[in-house]
Amino acid sequence: MKIYSYLVLALLLFASCEKEELREPSSLQGSYNGTFQREVVWSESDTANITLTFEENRWTGSSDKNKYPALCNGTFSIDGDTIIFENDCAWTAEFDGTLILDGKYLLTETAKTIEFSRDYRSETNDTYVDKYTLLKHDITINQ
């Protein structure tokens, strides 16, 4: 029985040594222009032109369409391939609150672009995906 206790203790110690994946948001620093689209299975959807700026762990944003998506400002963090937004603004209830940039999104980034998306599809929920595609606009090209 003593050996099982040691085995459990060793497993608990090993599990507590997992590497923390949170990383500094420094790779996203700067201003980005791009598009937002809510891809809906059963109908065509609008595309909005958006601007997002990342400074330290803060973000600000704007869209050419009113509350599509609902951008304002807040904080963000990155955990592996996930970007987590917190929106600091107060919103009224006359529009679809799922359009507020807030919560967890799947993140893909390259040297020039970032994409993040949230998939709302399931057996019991609406069938749409929110997709942000952005190009860093302060990139210099070496010649």
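Helices (H or I, at least four residues) and strands (E, at least two) are DSSP runs, numbered from the N terminus. This is a predicted model, in which local features need pLDDT of at least 70 and side-chain atom pairs count only at pLDDT 80 or more, while totals for chains, interfaces and linings use all residues. Residues are numbered from 1 along each chain as its sequence is written, and side-chain values use heavy atoms, with hydrogens and water left out.

View 1. Now for contacts, meaning heavy atoms within 4.5 Å. Take those in the protein chain between residues at least 6 apart in sequence: 42% of them join residues at least 24 apart.

**View 2. Strand E2 pairs with E3 and with E9.** Two strands pair if DSSP finds at least two bridges between them. E2 and E3 run antiparallel and are joined by eight bridges; a hairpin of six residues takes the chain from E2 to E3. E2 also pairs with E9, again in the antiparallel sense, over nine bridges. Threonine 35 is a handy place to look: its bridge partner in E3 is asparagine 49, and in E9 it stands opposite threonine 133.

**View 3. The largest nonpolar core holds 22 residues.** A nonpolar core is a set of buried Ala, Val, Leu, Ile, Met, Phe, Trp, Tyr and Cys residues joined through side-chain atoms within 4.5 Å. Which residues touch the most other members of this core? They are Phe54, Ile83, Phe85, Leu101 and Phe116. Two or more residues each come from strand E2 (30–40), strand E3 (47–55), strand E5 (73–79), E6, E7, strand E8 (113–119) and strand E9 (128–136). E3 gives the most to this core, with four residues. Zoom in on leucine 101 and, setting aside residues up to four places away in sequence, you'll find it touching Leu52, Trp59, Ala70, Leu71, Phe85, Asn87, Phe116 and Tyr132.

**View 4. Arginine 38 and aspartate 130 meet in a salt bridge.** A salt bridge is a side-chain nitrogen of Lys or Arg within 4 Å of a carboxyl oxygen of Asp or Glu. The structure holds five of them. In this one, the N to O distance is 2.6 Å. The pair links distant parts of the chain, with arginine 38 in strand E2 and aspartate 130 in strand E9, 92 residues apart. Are these two residues buried or exposed? Arginine 38 counts as buried because its relative accessibility is 7%, and aspartate 130 counts as buried because its value is 1%. Arg38, Asp96 and Asp130 are linked in a network of salt bridges.

**View 5. Glutamate 94 forms a salt bridge with lysine 67.** Their closest N and O atoms are 2.3 Å apart. This pair, too, links distant parts of the chain: glutamate 94 is in the loop between E6 and E7, and lysine 67 is in the loop between strand E4 (58–63) and E5, 27 residues apart. E6 spans 82–87 and E7 spans 103–109. Glutamate 94 counts as exposed because its relative accessibility is 55%.

**View 6. Arginine 121 forms a salt bridge with aspartate 119.** The closest N and O atoms of this pair are 2.6 Å apart. Arginine 121 counts as partly exposed because its relative accessibility is 49%. Aspartate 119 also counts as partly exposed, because its value is 45%.

**View 7. Arginine 118 is buried yet has no salt bridge.** This residue lies in strand E8. Lys and Arg count as positive and Asp and Glu as negative; His and the chain ends are not counted. The side chain of arginine 118 makes one with the side chain of tyrosine 120, at 2.8 Å. A polar atom of the arginine 118 side chain also lies 3.2 Å from the backbone oxygen of lysine 104. Leaving aside neighbours within four places in sequence, arginine 118 is in contact with Asp102, Gly103, Lys104, Tyr105, Tyr128, Val129 and Asp130.

Notes
Buried means under 20% relative accessible area, exposed over 50%, partly exposed in between (1.4 Å probe, protein chains only). A polar contact is a pair of N or O atoms within 3.5 Å; within protein, one must be able to donate a hydrogen and the other to accept it, and residues adjacent in sequence count only if both atoms are side-chain atoms.
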